[in-house]
Amino acid sequence: MDTTTLTLPLYVHIPFCRFKCYYCDFNTYAGIETLIPDYVDALTGEIRRWGEALRINGADPGASSIFFGGGTPSLLSPGHVAAILNAISQSFRLHSGIEISMEVNPESVTREFVRDVMALGVNRFSMGAQSLNNSELRMLGRLHDNGGVDRAFTALRDGGARNVNLDLMYGLPRQTCETWESSLRGALALEPEHISLYALTVEESTPFHGWVASGRLPTPDPDLAADMYEIAQERMRAAGYEHYEISNWARAGQECRHNLAYWLNVPFLGFGPGAHSHLFGARFSVIRQPRDYIRRMAQLGQQPAPRMMPPLEGPMSESAALSAVAPIDAVDPYSEQMRRAETLVLGLRLNRGVAEQEYQERFGARPTELYADAIETSIADGLLERVDDVLRLTPRGRLLSNEVFVRVMSLP
């Protein structure tokens, strides 16, 4: 059997939280930490089954990056992290200098934890500060205060972390440009290598949605959020950060390699309940409930890995083989039409834009051929620009990027 080299970004989902924030609609759960040991057993079992299934079906699987997301991965013990990384290293080739990222929350990260997981190979941390204003933190349901962010950042540095991202949120109910600038100043004073700034989206399944609908919280003002975004662009530029993606800024060479793979729309593999994957010409996801996931993985572990998998490239024709590896609950065929459109949309999120020649080499046609009306209209509206062979959003286009994206995605 010929062997196909398959190198993938790997996402590891940790669904545990001490408290579920009021705005959060991620697949996370509070108060079930007693499941962690059984969960880690199930998760390492899924990782090993994927490695085995890919190898016996002709792939040589490798990992280009690893990202522990959640949830709160810093609720794991270093021993649990070691078990997960051992399963990955035994199942996937690890590239030299691989980026291994871990999300942490201020209330659960310690110098000792950082030191111990760095000894295991973790070399990048992403901390969810969200705000440095105490009233905003209480409104969001965060467990820390602004002093907790400072203490946690000191713990990261004292533990040896030299590649740290901070997350902040803007466009919050009752947030002002003044409180936003204060949070930005506090974050920049810590001098992280990377900063992610996200506009609040009020999701239907969250307490925030009910509170906004009932009038308990004011409806977020999109015009005010746009003002905050422009303030952020100015402050980040003045502080020497490169604005490399709509919501992300980094010191030179400190971009998140794992997330860059998503924006370049390459195949990736996710482990754990609710984790999504893009492989075999399909998008698929794992069942969401942790208890069901643990039970189903225990059942699958008694069976051999499937010997007939879908082709590594091309359309997905059979989902049964995927469900024999992990408890998959949804498989969506990923048509070439959808892949072309999403690759353009995701690429335009990057400030470097989309090189037309590279796009043509990948899809056989230039984006200006496939999406001529959407692109020309967006250029005329001042949302897109063409510089030499590259399409990219203008500064105004970054504020109104969804208008461009909807135009592209709505075309047949």
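**Close-up views of a predicted model**

**View 1. Thr 394 and its surroundings.** The side chain of Thr 394 comes within reach of a backbone oxygen, the one on Gly 382, at 2.6 Å. Keep in mind that this is a predicted model. As for where we are in the chain, Thr 394 sits in the loop that links β17 (390-393) with α16 (395-399). With a relative accessible area of 10%, Thr 394 counts as buried, because the cut-off for buried is under 20%. Setting aside neighbours within four places in sequence, Thr 394 touches Gly 382, Leu 383, Leu 384 and Glu 385.

**View 2. The two faces of helix α17.** Here we look at α17, residues 401-409, whose buried residues are Ser 401, Val 404, Phe 405 and Val 408. These four lie on the same side of α17, because the arc they cover around the axis is only 95°. Turn to the face pointing away from that buried side, and you'll find the exposed residues Asn 402 and Val 406. What do the buried residues of α17 pack against? Their partners are α12 (336-349), α15 (372-380), β16 (384-387), β17 and α16.

**View 3. Strand β1 and its partners.** Strand β1 takes in residues 4-14 and is mostly covered, with eight of its 11 residues buried. One partner is β4 (residues 59-70), which runs parallel to β1 and is joined to it by 11 bridges. To get your bearings there, find Leu 6, which stands opposite Pro 61 of β4. Strand β11 (residues 269-271) also pairs with β1 in the parallel sense, this time over three bridges. Look for Tyr 11 here: its bridge partner in β11 is Gly 270.

Conventions
Residues are numbered from 1 along each chain as its sequence is written. This is a predicted model: local features need pLDDT of at least 70, side-chain atom pairs count only at pLDDT 80 or more; totals for chains, interfaces and linings use all residues. Side-chain values use heavy atoms; hydrogens and water are left out. Buried means under 20% relative accessible area, exposed over 50%, partly exposed in between (1.4 Å probe, protein chains only). A polar contact is a pair of N or O atoms within 3.5 Å; within protein, one must be able to donate a hydrogen and the other to accept it, and residues adjacent in sequence count only if both atoms are side-chain atoms. Contact means heavy atoms within 4.5 Å. The arc is that of the directions from the helix axis to the C-beta atoms. Two strands pair if DSSP finds at least two bridges between them.
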